[in-house]
Amino acid sequence: MVGNIGFYVYQQIYPIYGIGMTFALTGLPVFISKLVVDTKDSRDRVALAMKIQNILIVVCLTVFCILQFAAGLIALKMDDPKLAPVIQSVSWMFLFIPFLSTWRGYFQGKMEMRPTAYSQVIEQVVRVSTILLVGYWAVKSVASPYKMGQLAMLSAPIAGFCALLFVMIWVRRHSFPVNWRRHQSTIQNRLLIKRILLEGGTLCLVSAVMLLLQLADSFSVVAGLQSFGYSLSEAQNIKGIYDRSQTLVQLGQVLSIASATAVLPGLVLANKHHQDVTFRHVAATNLRTNLAISLAMSVGLFGLMPQINRLLFASSELNLTISLYCFSIILTSILMTYNVILQSKDNYLKTMIAIIAGFLFKILVNHWFVSLMGIIGASTATLLSLVVMVVLMNVLSRKELAQLISFKQVSKLVIVLIAMLIVVELIVLGMSMLDLTINPRIEALIVAGVAIPLGVVMFFGGCVVLKVFTIREWLAIPMVGKFLKIKGVTTHENR
């Protein structure tokens, strides 16, 4: 709707919104719910939630003030002073984060998921609707991309307010224990802040890992492209096209994140009861299935990138750069699973060290890579940063993460994926020769609609023929596992 420049403006500031959303929706609520579960006294739970809320109010007010009053400096560091109002627009959402994250976490700890679920749906519906209305208005009135970005980013605080309104109504309807206002939490402030920084901070970092790397891009890609030889407007246009890759990676991550988080309770339980064999079975199965699915998604995106790019964004530019970036899905899938394994053993520091090291690597090399190689340098820097994180987690946690990946299985997967890629490319080539329609986007839709299901069938069919997965692993794959259970397949494997 708003073109490459409009998308560039929005995506430059999106990481700030995304990181805030990660704090409000996943990282902090998960951490808070864990504290609530561990607290037995009902009055202690409410007092603990209030104490966390007060700490978060101080932190988020500080972030709000920095984004409001240093917006000009931040925009200057992004090589685009016109972005300052857009930064100020998104800053307002941080005023709602302390309340949203605290009460979502509190109710999750009481095994009540409805406040989180309903408030998230409300938040996203309001935000997306606002963005679409702003985009429509910007196109009709030929508004400046920066004005569009400023109004589009206001969708974040508006949506946050609507979500908070719902959560507060739920809080008012909830019956709290008598005399909870006079009750003081038994956890000391110093210990609580330490746990928020280490445990809560690690959960937030893991959830926001791609957003952190995207934030590094916001500060260095445009400047790097100018050093490579482009003008400012050309650099902004290329950055807008490059930013398409981040939306595809976010979509690709959904399955692996859901799968990794689903096994956490089982891993925690196995670790608590010292069931080491069960723990390793669950960990290895989850890692291997996530790795396989993420490999299939990345190779599929690589094979169909021109069609997917044209279908979603009306042009097929920077296909190689976007395809390369999409291989991040594989590395983030491994990273998420590693984190869940370590988190189940209450081990947070190693994950935090690995992610910070990878983020610093991205900051150090990004501008250099882009100025040397052009925009593909940004994708390369992202992949290498994720490699640094994964390798460092392996080095720091050799004992916990040893022998989880089967290299025999990976070699079989490579054969299946090569065959799948060849079949998909032949389908694309054959259908493009038919000259189906004069509209390129409709043609891309038809090609993708045929090639994707056939690619999925080819992948799973190849896995069956080469016996890539054990029965246990088949059962762990979403949807496939449900189908096998319907068929009455069970496993007693101890592999």
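This is a predicted model: local features need pLDDT of at least 70, side-chain atom pairs count only at pLDDT 80 or more; totals for chains, interfaces and linings use all residues.

Trainee: Switching to charges. How many salt bridges does a search of the whole structure find?
Mentor: Nine. Let's take a few of them.

Trainee: Start with Glu 123. Which residue does it form a salt bridge with?
Mentor: Arg 104, with the closest N and O atoms 2.9 Å apart. Glu 123 lies in helix 6 and Arg 104 in helix 5, residues 97-109, so the pair ties together parts 19 residues apart in sequence.

Trainee: Is Glu 123 buried or exposed?
Mentor: Buried, because its relative accessibility is 2%. Arg 104 is buried too, with a relative accessible area of 0%. The cut-off for buried is under 20%.

Trainee: What about Glu 473, where is its partner?
Mentor: In helix 14, residues 276-313. The partner is Arg 288, and the two side chains meet at 3.6 Å, N to O. Glu 473 itself sits in helix 22, residues 471-476, so this pair ties together parts 185 residues apart in sequence. Glu 473 and Arg 288 are both buried.

Trainee: Which residue does Asp 346 pair with?
Mentor: Lys 34, in a salt bridge whose closest N and O atoms are 3.5 Å apart. That pair links distant parts of the chain, 312 residues apart. Asp 346 is in the loop between helix 16 and helix 17, while Lys 34 is in helix 1. Lys 34 has 26% relative accessibility, so it counts as partly exposed.

Trainee: Since you mention helix 1, how many residues does it have?
Mentor: It has 36. From first C-alpha to last it reaches 49 Å, close to the 52 Å expected at 1.5 Å a residue.

Trainee: Where does helix 1 bend?
Mentor: At Phe 23, by about 50 degrees. Helix 1 is also mostly covered, with 28 of its 36 residues buried.

Trainee: Now helix 10. What is its kink centred on?
Mentor: Ser 220, and the kink is about 40 degrees. The end C-alpha atoms of helix 10 are 27 Å apart, which agrees with the 28 Å that its 20 residues should span at 1.5 Å a residue.

Trainee: How many residues of helix 10 are buried?
Mentor: 16 of the 20, so helix 10 is largely enclosed by the rest of the structure.

Trainee: What follows helix 10?
Mentor: Gly 229, with a positive phi near 130 degrees. Ser 231 lies in the loop between helix 10 and helix 11. At 32% relative accessibility, Ser 231 counts as partly exposed.

Trainee: Which residue other than glycine has a positive phi near 50 degrees?
Mentor: Val 142. You'll find it in the loop between helix 6 and helix 7. Its relative accessibility is 71%, so Val 142 counts as exposed. His 274 is not a glycine either, and its phi is positive, about 55 degrees. That residue lies in the loop between helix 13 and helix 14. His 274 counts as exposed because its relative accessibility is 66%.

Trainee: One more: how many residues separate Met 458 and Met 420 in sequence?
Mentor: They are 38 residues apart, and 5.7 Å apart in space, C-alpha to C-alpha. Met 458 is in helix 21, residues 440-465. With a relative accessible area of 28%, Met 458 is partly exposed.

Technical notes: Residues are numbered from 1 along each chain as its sequence is written. Side-chain values use heavy atoms; hydrogens and water are left out. A salt bridge is a side-chain nitrogen of Lys or Arg within 4 Å of a carboxyl oxygen of Asp or Glu. Helices (H or I, at least four residues) and strands (E, at least two) are DSSP runs, numbered from the N terminus. Buried means under 20% relative accessible area, exposed over 50%, partly exposed in between (1.4 Å probe, protein chains only). The expected span of a helix is 1.5 Å times one less than its number of residues. The bend at a residue is the angle between axes fitted to the seven residues ending there and the seven starting there.
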